[in-house]
Amino acid sequence: MIKYTFEVPGNPRGKGRPRTRVVSGGGKAFAHVYTDAKTAAYENLVALAAQQAGVTPIEGAVEIKIDLYFARPKRLLRAKDPDGLIPHASKPDADNVAKAILDGLSPFIRDEAVTYLRIAKWYVAKGGEPHASVMLREAV
């Protein structure tokens, strides 16, 4: 069974809304839909992290587990706050971040091949660095 685990450094980023612009040529106007630059950069970072971890294309069904670790806001760095992980219950939505990660993994998996997806969001432990931890494997 093929199994890969890797980390994407930095604060996880949600998939941005598609952008549209009008392109004209030859007397006609066309709508051009594109991904915003920040989302595209995060998707490229995901692909690079996967490549550096040795991920190769998976042809069959895939199971994916994603743990998102966000930077702690200053309000959660007080001495009375817990030292460990704290649940993250604010933006970005977990499904939007998962979409950005899955789009970054498109060179390695097919979208329709994902049969199991688990996502968890946390604030990092005190002194921790924000990142996304991704585990993907062939579904059995």
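This short talk walks through the sheet, the helices, the core and some salt bridges of one structure.

Ground rules, quickly. The model is predicted, so local features need pLDDT of at least 70 and side-chain atom pairs count only at pLDDT 80 or more, while totals for chains, interfaces and linings use all residues. Residues are numbered from 1 along each chain as its sequence is written, and side-chain values use heavy atoms, leaving out hydrogens and water.

Start with the sheet. Helices (H or I, at least four residues) and strands (E, at least two) are DSSP runs, numbered from the N terminus. Five strands form an open sheet with mixed pairing, in the order β1-β7-β4-β6-β5. Which strands stand at the edges? β1 and β5 do, each with a single partner strand, so one side of each has no neighbour in the sheet. Two strands count as paired if DSSP finds at least two bridges between them. β4 and β7 pair antiparallel, over 8 bridges. Within that pair, Ile 64 stands opposite Leu 136 in β7.

Now the helices. α1 lies across β1 and β7, at about 135° to β1. α2 lies across β4, β6 and β7, at about 120° to β6. Axes here are lines fitted to C-alpha atoms, for helices over the stretch in contact, and angles run from 0 to 180 degrees between N-to-C directions. Contact means heavy atoms within 4.5 Å.

On to the core. A nonpolar core is a set of buried Ala, Val, Leu, Ile, Met, Phe, Trp, Tyr and Cys residues joined through side-chain atoms within 4.5 Å. Buried means under 20% relative accessible area, exposed over 50%, partly exposed in between (1.4 Å probe, protein chains only). The largest core has 29 residues, and those with the most contacts inside it include Phe 6, Ile 64 and Leu 136. β1, α1, β4, α2 and β7 each supply at least two of its residues. Beyond its neighbours within four places in sequence, Leu 136 touches Phe 6, Ile 64 and Leu 105, among others.

Last, salt bridges: a side-chain nitrogen of Lys or Arg within 4 Å of a carboxyl oxygen of Asp or Glu. The count is 9. Lys 15 and Asp 103 form one of them, at 2.8 Å, N to O. Lys 15 sits in the loop between β1 and β2, Asp 103 in α2, 88 residues apart. Is Asp 103 buried or exposed? Buried, at 17% relative accessibility. Arg 118 and Asp 67 meet at 3.1 Å, N to O. Arg 118 is in β6 and Asp 67 in β4, so this pair ties together parts 51 residues apart in sequence.
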